[in-house]
Amino acid sequence: MLIIGITGGIGSGKTTVAKLFTLLGIPVYSADDAAKEIMTKDALLVQQIKDHFGPEAYCADGSLNRKHIAGIVFNDKDQLEKLNALVHPATIRDSKTWAEQQTAPYVIKEAALMFETESFHHVDKVIMVYAPQALRIHRVMQRDGVDRNAVLARMHKQLDEKIKLKLADYVIYNDEQQMVIPQVLALHEQLLALAGTTPGL
């Protein structure tokens, strides 16, 4: 199974692009959504989180105690990295199992932190969704109702866009200057060919 990664900085529109591939019949695995579910359903991960962050990391009903976890990792980079080091391998395991169950010519794994983690080693190609920083800031401020400084703080936790552009195999420009759908359709044809599937059959 050909696994294609989609990533992009906050506000780049990677989720929108991923949805366009879904409309083309390509299954999409959202690593960020899956991680939230795995943190309560993967028995090994649950135990690892309890061991490191204490039994208070989970509520009595088995749900994640987000307030407790956030209080530990919010201003502690080392603790945040530790949490990611536990969650990302579990997400990679889950995405591989998911991919093996699909029957499409290729599948897509959408992840905000693709190059920042080991995730990119577990996909065959990576699509980078790019938008200029000023546009991304504006989008997130509008979407999340936060101020510019809050957006910048979140951006600083992600790898520099210039580095991502160099590491990516494909780039989709979501800069409001170029139409996104034709870019997605053209890339879909390339990926079908890469997967050994003749378009239209």
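Analyst: Glu176 sits in the loop between strand S5 (170–173) and H9. Helices (H or I, at least four residues) and strands (E, at least two) are DSSP runs, numbered from the N terminus. The model is predicted: local features need pLDDT of at least 70, side-chain atom pairs count only at pLDDT 80 or more, and totals for chains, interfaces and linings use all residues. Residues are numbered from 1 along each chain as its sequence is written, and side-chain values use heavy atoms, with hydrogens and water left out.

User: Why is Glu176 called exposed?

Analyst: Glu176 has a relative accessible area of 60%. Buried means under 20%, exposed over 50%, and partly exposed in between (1.4 Å probe, protein chains only). The value for Glu176 therefore places this residue in the exposed class.

User: How do you know whether Gln183 is buried or exposed?

Analyst: The relative accessible area of Gln183 is 16%, so this residue is buried. Gln183 belongs to helix H9 (residues 180–194).

User: Why is H2 called roughly perpendicular to H3?

Analyst: Helix H2 (residues 31–41) and helix H3 (residues 43–53) pack at an angle of about 80 degrees, with their axes 6 Å apart. Axes are lines fitted to C-alpha atoms, for helices over the stretch in contact, and angles run from 0 to 180 degrees between N-to-C directions. Angles under 35 degrees count as roughly parallel, over 145 as roughly antiparallel, 65 to 115 as roughly perpendicular and the rest as oblique. H2 is therefore roughly perpendicular to H3. From H2, the contact involves Ile38, Met39, Thr40 and Lys41, and from H3 it involves Ala43, Leu45, Val46 and Ile49. These residues comprise 6 nonpolar, 1 polar and 1 charged (Ala, Val, Leu, Ile, Met, Phe, Trp, Tyr, Cys and Pro count as nonpolar, Asp, Glu, Lys and Arg as charged, and the others, Gly among them, as polar).

User: Why are H2 and H5 described as roughly perpendicular to each other?

Analyst: The angle between H2 and H5 is about 105 degrees, with their axes 9 Å apart. The pair is therefore roughly perpendicular. Ala31, Ala34, Ala35, Ile38 and Met39 of H2 meet Leu83, Val87, Ala90, Thr91 and Asp94 of H5. By class, this contact has 8 nonpolar, 1 polar and 1 charged residues.

User: How do you know that the buried residues of H2 are on the same side?

Analyst: Ala31, Ala34, Ala35, Ile38 and Met39 are the buried residues of H2. They cover an arc (taken from the directions from the helix axis to the C-beta atoms) of only 140 degrees, which puts them on the same side of H2. Their packing partners are strand S2 (28–30), H3, helix H5 (77–100) and strand S3 (106–110).

User: Why are the buried residues of H1 said to line one face?

Analyst: In helix H1 (residues 14–23), the buried residues are Lys14, Val17, Ala18, Leu20 and Phe21. Their arc, seen down the axis, is 150 degrees, so they line one face of H1. The face turned away from this buried side carries the exposed residues Thr16, Lys19 and Leu23.

User: Why does Ala168 count as buried?

Analyst: Its relative accessibility is 14%, so Ala168 counts as buried. Ala168 is placed in the loop between helix H8 (161–167) and S5. Beyond neighbours within four places in sequence, Ala168 is in contact with Phe115, Val126 and Met128.

User: What makes Ala85 partly exposed?

Analyst: The relative accessible area of Ala85 is 48%, which means that this residue is partly exposed. Ala85 lies in helix H5. Ala85 and Glu118 are 33 residues apart in sequence, and their C-alpha atoms are 9.4 Å apart.

Definitions and conventions
Contact means heavy atoms within 4.5 Å.
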